[in-house]
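Below is a short briefing on one protein chain.

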Amino acid sequence: MTATAPTSAPAPVPMAPPAARWLGLSDWLNPIVVREVQQALKGRAFVLSVLAACIVVVAIALFVAGDFDPNSSGRNAFDAGLATLVPLVLFVVPMQAYQSMRHELRGGMVEQLLLSELRPRRIILGKLAAAMVQFVLYVSVLSPLLATSYLLRGVDMPAIGISLVFAALFCVAATAFAVSSAAQGVAPAMQGVANLAVAIALALSCMGFVSYIGSGQYARDIGSLLAGRYLGMVVSGLVLGGVASTTLSALTAATFLAHAYENKSSGFRLFLFILVGVAFGWVAVFAPAAMRDQIFVVATVALLIGSATFGLFMVTEQRDLSPRVRAHVPKRAAFALLAVPFLPGRDRGLLCFLLAAAVVLLLGWLTWPVGTSFLREPREFVWFLVSYSVIYLSIGRWLRSKLPASIQGNHLGRFALPFLLFLFCILPVLVDVFIQGGARRWHPGHAMNPFWTMRHFVFRDNGTEIRIALSLVAALLVLLQVPALVRAAREVLTASAVRRAAALERAAPPLDGGAGDGV
């Protein structure tokens, strides 16, 4: 018998040191966060702002200790602490993100990042996450003052917690706005104007919030809000509004960072439908029963106006799918058909608007009260609004087809349609001034003026005839564009069929069957 040699145990795999593991984890989460935080901490603005905040905290503490009043010292410390936090989170942090984005766009760093595995969405999310890290640092600097206001019985913990939630929400929204503005100011001639505009907008918002908090009105309002029954509605409404604003700004910034052939439309179109569902769901859950009917009416009108605004951008896009988008169309025909309204293209954009308006009208029909006298004017207003939206968006789609098939043609179309609306409003008035000496009353020449027409027939006279005429014109325009909508759907289905055929060809075995490897 021969003895078998004992098998040796496999060598243990060397473990990475903790520092390397944390570094790998941070890079996996988002490397932009690490870089942005490092740059912010090394910059002068962070050091000076933290130093200024510490000086203000010490000064407020000395003032409270020197002039102590059991009835007002705690409230004054709370107001002073929040008023100190507002410029940090609404001006310093957003402006740092703005300057960082402008520096990267000038130096070509964004193009280098896009060549890596980072997509525009991750770059934007990294900058927002870095802003939240700075927010936590600033809150930690001011936390002793906020804790002192609680210990002095000037304010309770729920008020402090909700105030910090609001501060974080406004900080993220302001940072997203700043990053989006920096991404849009690509032209060198507009950079100075963009810097000044963003700085003024953030400074004005800071001054407004500081005045509101410093006057003591915010503390009184937050106290009454906590004691009332509208806490859930107000807090959820502000949170949803902040999330919607941040999402829209992030989508806009990612659009300007993406390549020209990338899909820049689907995010906005999906956002529109999600916004419609969330808005009606919020009203159904959080709105008080006594006000729910009126809020449903306001939400319907506001969402229709928002859908028309989105439609302006959708119907002024290029017509055909780009090669990159065509290569990512869903392979399954059913999924491709469902994706038609969400894919780029002005014909599909018009279809997306029609579907969004139909969803809003359906939800409005399901939620509006029945047999209420105050609904006559809102119903007529909605009727006019939908008709005018379809008419003008159809004109915008036709106008875009006459412009160059390039990105510049998109911009020209988005400028030309509002200008055309302005001409339709002002030219009949000028004609009346020259012929009659003034525009004294409405006549059919003002039919393309939606503002005067709706004001005249919705809130004053009975406009059944003009309403029916506008509805027939809108319906006729939609029917005339049905072949274009069908062509847009066929383009998507054709791209899907090409992808399926290519997948089958790759999966097929080679014709020679691998011969020549015999034993």
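**Salt bridges and local features**

The structure holds 10 salt bridges, a salt bridge being a side-chain nitrogen of Lys or Arg within 4 Å of a carboxyl oxygen of Asp or Glu. This is a predicted model, in which local features need pLDDT of at least 70, side-chain atom pairs count only at pLDDT 80 or more, and totals for chains, interfaces and linings use all residues. Residues are numbered from 1 along each chain as its sequence is written, and side-chain values use heavy atoms, with hydrogens and water left out.

- Arg 326 and Glu 491 meet through their side chains in a salt bridge, at 3.1 Å from N to O. This pair links distant parts of the chain, 165 residues apart: Arg 326 is in helix H13 (residues 323-326) and Glu 491 in helix H20 (residues 482-507). Helices here are DSSP runs (H or I, at least four residues), numbered from the N terminus.
- Arg 326 is partly exposed, with a relative accessible area of 32%, whereas Glu 491 is buried at 8%. Buried means under 20% relative accessible area, exposed over 50%, and partly exposed in between, with a 1.4 Å probe and protein chains only.
- Asp 347 forms a salt bridge with Arg 487, and their closest N and O atoms are 3.4 Å apart. Arg 487 lies in helix H20 and Asp 347 in helix H15 (residues 346-367), so the pair ties together parts that are 140 residues apart in sequence.
- Arg 487 counts as partly exposed at 28% relative accessibility, while Asp 347 is buried at 2%.
- A salt bridge also joins the side chains of Glu 380 and Arg 467 (3.7 Å, N to O). Glu 380 is in helix H16 (residues 376-401) and Arg 467 in helix H19 (residues 464-480), so that distant parts of the chain, 87 residues apart, are linked.
- Glu 380 is buried, with a relative accessible area of 9%, and Arg 467 is buried at 12%.

**Salt-bridge network**

- Arg 319, Asp 320, Arg 326, Asp 347, Arg 348, Arg 397, Arg 487 and Glu 491 are linked in a network of salt bridges.

**Nonpolar surface patch**

- Leu 427, Leu 430, Val 431, Phe 434 and Ile 435 form a nonpolar patch on the surface, and together they have about 550 Å² of accessible area. Patches are made of residues with over 30% relative accessible area and no salt bridge; like charges are joined within 9 Å and nonpolar side chains (Val, Leu, Ile, Met, Phe, Trp, Tyr) within 5 Å. Accessible areas come from the Shrake-Rupley method with a 1.4 Å probe, and for residues only the protein chains shown count as cover.
- Leu 430 is located in helix H17 (residues 407-436) and is partly exposed, at 39% relative accessibility.

**Thr 453 and its surroundings**

- Thr 453 lies in helix H18 (residues 450-458) and is buried, at 0% relative accessibility.
- Its side chain makes a polar contact with the side chain of Trp 442 at 3.2 Å. A polar contact is a pair of N or O atoms within 3.5 Å; within protein, one must be able to donate a hydrogen and the other to accept it, and residues adjacent in sequence count only if both atoms are side-chain atoms.
- The side chain of Thr 453 also reaches the backbone oxygen of His 446, at 3.0 Å.
- Not counting residues up to four places away in sequence, Thr 453 touches Phe 384, Tyr 388, Trp 442, His 446, Ala 447, Val 458 and Ile 466, where contact means heavy atoms within 4.5 Å.

**Model confidence**

- The chain has a mean pLDDT of 83, and 82% of its residues reach 70 or more. pLDDT is the predictor's confidence in each residue, from 0 to 100.

Technical notes. Helix = DSSP H or I, 4+ residues; strand = E, 2+ residues; numbered from the N terminus.
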